[in-house]
Amino acid sequence: VQLQASGGGLVQAGGSLRLSCAASGLTFSMYTMGWFRQAPGKERDFVATIKWSGGRTYYADSVKGRFTISRDNAKNTVYLQMNSLRPEDTAVYYCAADRVTTRWGPKWEDRLNYAYWGQGTQVTVSS
């Protein structure tokens, strides 16, 4: 299984970025996908998740209303649209695939629920 994240970069506060995560080696449409982030010296925190079939999402309170997770099962890709970025959003962003197929929750925030991880993409938001 490979998850390849891309789309990170440097952006000013208030700006937008769109992250992508291309998956291979698994039946993508059967896996709930998530995004996590890790700032320097901090733990890897949950950001957002989307159900294996699409249509249902869940967000961390810190990004609710600013970030949108989506997926295209035909392209084996999950996205994270990030708007109104803040300096505190600066982190390495990781995509992840659930440990179990066709599962939806309830512990979306638990890193242990995700078995496969991408390499991460750096997002830096300047003030």
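Colleague: What should I know about the model before we start?

Modeller: It is a predicted model, where local features need pLDDT of at least 70 and side-chain atom pairs count only at pLDDT 80 or more, while totals for chains, interfaces and linings use all residues. Residues are numbered from 1 along each chain as its sequence is written, and side-chain values use heavy atoms, with hydrogens and water left out.

Colleague: Thanks! How many helices and strands does the chain have?

Modeller: Zero helices and 11 strands. Both are DSSP runs numbered from the N terminus: helices are H or I with at least four residues, strands are E with at least two. From the N terminus on, the order is therefore written β-β-β-β-β-β-β-β-β-β-β.

Colleague: What makes the radius of gyration agree with a compact globule?

Modeller: The rule is 2.2 Å times the number of residues to the power 0.38, and the radius is taken over C-alpha atoms. For 127 residues a compact globule would have a value near 14 Å; the chain has 13 Å, so the two agree. Along its principal axes, the C-alpha trace spans about 40 × 25 × 25 Å.

Colleague: And how much of the chain counts as buried?

Modeller: Of the 127 residues, 45% do. Buried means under 20% relative accessible area, exposed means over 50%, and partly exposed is in between, with a 1.4 Å probe and protein chains only. The chain exposes about 6,400 Å², and carbon and sulfur atoms supply 46% of that area.

Colleague: Why is F36 called buried?

Modeller: Its relative accessible area is 0%, so F36 falls in the buried class. F46 is also buried, because its value is 9%.

Colleague: The structure holds eight aromatic pairs. Why is the one between F36 and F46 called edge-to-face?

Modeller: Rings of Phe, Tyr and Trp (its six-membered ring) pair if their centres lie within 6.5 Å; planes under 30 degrees apart count as stacked, over 60 as edge-to-face and the rest as tilted. F36 and F46 are 5.7 Å centre to centre with 80° between the planes, so the pair is edge-to-face. This pair links distant parts of the chain: F36 sits in strand β4 and F46 in strand β5 (residues 44-50), 10 residues apart.

Colleague: What makes the pair of W104 and W108 tilted?

Modeller: Their centres are 5.1 Å apart and their planes make 55°, so this pair belongs to the tilted class. W104 counts as buried because its relative accessibility is 18%, and W108 does too, because its value is 17%. One aromatic cluster is formed by F36, F46, Y58, W104, W108, Y114 and W117.

Colleague: How do you know that R66 is buried?

Modeller: R66 has a relative accessible area of 8%, so it is classed as buried. Its place is in the loop between β6 (57-59) and β7 (67-72). Contact means heavy atoms within 4.5 Å; not counting residues up to four places away in sequence, R66 touches Q81, M82, N83, S84, L85, R86 and D89.

Colleague: S84 is on that list. What stands out about its phi?

Modeller: S84 has a positive phi of about 50° although it is not a glycine. Most residues other than glycine have a negative phi. S84 is found in the loop between β8 (77-82) and β9, and is called partly exposed because its relative accessible area is 42%.

Colleague: Where is T102, and why is it called partly exposed?

Modeller: T102 is in the loop between β9 and β10, and its relative accessible area is 41%, so it is partly exposed. T102 also has a positive phi of about 50° although it is not a glycine.

Colleague: Which residues does M30 touch?

Modeller: Not counting residues up to four places away in sequence, M30 touches W52, T101 and T102. M30 lies in the loop between β3 (17-24) and β4 (33-38), and is partly exposed because its relative accessible area is 33%.

Colleague: Last one: is the peptide bond from G105 to P106 cis or trans?

Modeller: That bond is cis, with omega near 5°. Most peptide bonds are trans. P106 is found in the loop between β9 (91-98) and β10 (114-117).

Methods: Accessible areas come from the Shrake-Rupley method with a 1.4 Å probe; for residues, only the protein chains shown count as cover.
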